[in-house]
Amino acid sequence: MNVQTRYTFLIALILILTTFAFSGFKKQQKIEPWTQDQLLEPGDLAKTLNNPQAKQPYIFSVGPAATIKTSIDIGPARDKENLNKLALQLDKLPKDADIVIYCGCCPFDRCPNIRPAFKLLNEMKFKNQKLLTLTQNVKVDWIDHGYPTNN
């Protein structure tokens, strides 16, 4: 085998191994407890809150503070006692209630609070739950836009 053939063979082998490595990585990616349809953009929730004729959802803050107008402060849902507090609040609601949860402590993809809270909603068989997509945090994605707050 000459040098050029070995080099071509080595490149092909690297490409094949890389392809297998990335296909395995995709299989290992975390499956989120929500669907794409269950994500709610901040502007859409703000429009609902600003419209007195609109049906208002139950809004739960599962993070450090209930910043959004009418939201109920649960506390960080990564803590079992706060998750139990959320379960007690949810027990009072019909299974078809419109529910929105949010945290906003940190970037959405790394948030330690939204996943346990959303899993709880699924386990309790709610049908109309949404997750507010605060991609950065509640300040950047809500307050800085002038959306309604509890203050």
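Guide: A disulfide is a pair of cysteine sulfur atoms within 2.5 Å. This structure holds zero disulfides. The model is predicted: local features need pLDDT of at least 70, side-chain atom pairs count only at pLDDT 80 or more, and totals for chains, interfaces and linings use all residues. Residues are numbered from 1 along each chain as its sequence is written, and side-chain values use heavy atoms, with hydrogens and water left out.

Visitor: Is Cys103 buried or exposed?

Guide: Buried means under 20% relative accessible area, exposed over 50%, partly exposed in between (1.4 Å probe, protein chains only). Cys103 is buried, at 3%. Cys105 is partly exposed, at 35%.

Visitor: How do I read the buried residues of helix H4?

Guide: An α-helix has 3.6 residues a turn, so residues three or four places apart point the same way. Helices (H or I, at least four residues) and strands (E, at least two) are DSSP runs, numbered from the N terminus. In H4, residues 114-123, the buried ones are Ile114, Arg115, Ala117, Phe118, Leu120 and Leu121.

Visitor: What covers the buried residues of H4?

Guide: The cover includes helix H3 (80-91), strand S4 (98-102) and strand S5 (128-132). Just after H4, Lys125 takes a positive phi of about 65°.

Definitions and conventions: Contact = heavy atoms within 4.5 Å.
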